[in-house]
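Good morning, and thank you for the time.

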Amino acid sequence: MESRRAGSGSQASWSLYWLAATCFQLLLLVKSSEDSKLQQASRQRKLQAYTDSTNATMHGPAVKSFRVSDGSWVDYVPIEQQIAAHHPALKDHIIQISPSSYMDLQQNHVEPSSSELHRYPQSFAREHGGCPEGCIPVQRRGPKQPLSSKFRALTMHGHGTSPTEYAVVGMRSPKAPYKGLSAVLSVNTPVVGDLKTGFSVSQLWISAGQYSDNSLKTVEVGWHVFPSHYPATGGYNLDRSGFVQTNNKWVLGGTMSTHAKPKTEAEISVRVVYDSKIPGWRLSISGTAIGYWPSAIFTKLTSSADTVLWGGQTFKTASAIKHKATTMGSGAFPDKGYPVAAYQRNVKYADHSQKFFDAPLKIEDVSNADCYKTSIQGGGGGGGGGSGHDLWGSYFFFGGPGERNPACVVNK
């Protein structure tokens, strides 16, 4: 597993996730109406690369900008002038706002609560409501971005060299090909000791190709605390061309509310599924279409995946002292259970028919069980009965304190 995913290091920070059961239907109705208006405004709109005298790859000029209470700035960028337009494979690409008619983004969708915080977990949506029709929100990069849990979405091409540690689960059966995956993730606040290179992540992986021959292509979606993202071959949020955003509320890389106290949990529901209409991989958050990765940007992962994974990841710094301060998930081992330990629940995969099923899970990779662990509670790994989480389907707890546990020894 280490060799397989060491190259999936390109990451995308999105701060989306979490919905609530009682008001979920109303929220979807509102979003569905807004997305319909955006679709009409953007019908047959093509990506159009914006260039200036520097010929740099960039988004088009902002129509308007807002400062969010966390200190970040969000620019309203015309949807057709987003950075994806610079990708050579997307020249004159017609933006696909709505999913294919056969796709049900709400299929088996589960939400945690009905609070305003869970319906709009990002500060931008709660404070400003979203962009006007025909625009998408783009977080402005800067040296003083807030340090907090952020939504993460990334595309990896090939492999990198970043040393990382994992606590990850995968599929026992059936075998590939896979057409999608999904899960509801708890949003926590892990401690990252090395502000220059360290990070801690909870996410989903869907990939095709091999690490050994540098053909690995990976899409990764989730949340992270990542003070500065490292260079890699691939795309991170909207920093590079590739992902096409269609939603006017979610900010890729925007901050989110976190799971901090019992009964005030924050969650986010994530789904990635192949959509032949694009063709490409459609991302939805809490039943709302956010955007997609067109198949044209890949040499592998063009219509199906070889591997689907769920779990946590941390960066292993060269200094054991700095690594000592980096935790995964909530910083607690899985045996602490709910609501202390981090988790992913309602873990599902889509087969060749694009229908979603509970994932029969197995532990795929635990780099160092004295530092971080996973514990499968439902979905074929054992232990689900009588747990009090009968509606969680396939789920697992994961994480740990890193070298805050004296038994955790990091190999330099």
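Rings of Phe, Tyr and Trp (its six-membered ring) pair if their centres lie within 6.5 Å; planes under 30 degrees apart count as stacked, over 60 as edge-to-face and the rest as tilted. This is a predicted model, in which local features need pLDDT of at least 70, side-chain atom pairs count only at pLDDT 80 or more, and totals for chains, interfaces and linings use all residues. Residues are numbered from 1 along each chain as its sequence is written, and side-chain values use heavy atoms, with hydrogens and water left out.

Let me start with the rings. There are 15 aromatic pairs in the structure. One of them joins Tyr349 and Phe357, a tilted pair with 5.9 Å from centre to centre and 35° between the planes. For accessibility, buried means under 20% relative accessible area, exposed over 50%, and partly exposed in between, with a 1.4 Å probe and protein chains only. Tyr349 is buried, because its relative accessible area is 8%, whereas Phe357, at 35%, counts as partly exposed.

How are the planes of Tyr395 and Phe397 placed? They stand at 90°, with the ring centres 5.9 Å apart, so this pair is edge-to-face. Tyr395 and Phe397 are both buried. They also belong to a cluster linked by ring pairs, together with Tyr338, Tyr343 and Trp392.

Two rings carry a charge over the face, a term that requires NZ of Lys or CZ of Arg within 6 Å of the ring centre and within 35 degrees of the ring normal. The charged end of Arg271 is placed over Phe356, 4.1 Å from the ring centre. Lys373 lies over the face of Phe333, at 4.9 Å from the centre of that ring.

I turn to the cysteines. A disulfide is taken as a pair of cysteine sulfur atoms within 2.5 Å. How many disulfides does a search of the whole structure find? It finds one, formed by Cys371 and Cys408, with their sulfur atoms 1.9 Å apart. The torsion about the S-S bond of this pair is about 90°, so the disulfide is right-handed. The pair links distant parts of the chain, 37 residues apart: Cys371 is in the loop between β17 (361–366) and β18 (373–378), and Cys408 is in the segment after β19 (395–399). Strands here are DSSP runs (E, at least two residues), numbered from the N terminus. Cys371 counts as buried at 0% relative accessibility, and Cys408 counts as buried at 5%.

Cys131, by contrast, is in no disulfide. The sulfur of Cys135 is 6.0 Å from that of Cys131, its closest cysteine sulfur, which is too far for a bond. Cys131 is buried at 7% relative accessibility, and Cys135 is buried at 6%.

Finally, the interior. A nonpolar core is a set of buried Ala, Val, Leu, Ile, Met, Phe, Trp, Tyr and Cys residues joined through side-chain atoms within 4.5 Å. The largest such core has 60 residues, and those with the most contacts inside it are Trp281, Leu283, Trp293 and Trp310. Strand β11 (residues 267–275) gives the most to this core, with four residues. A second, separate core has seven residues, including Val68, Val74, Cys131 and Cys135.
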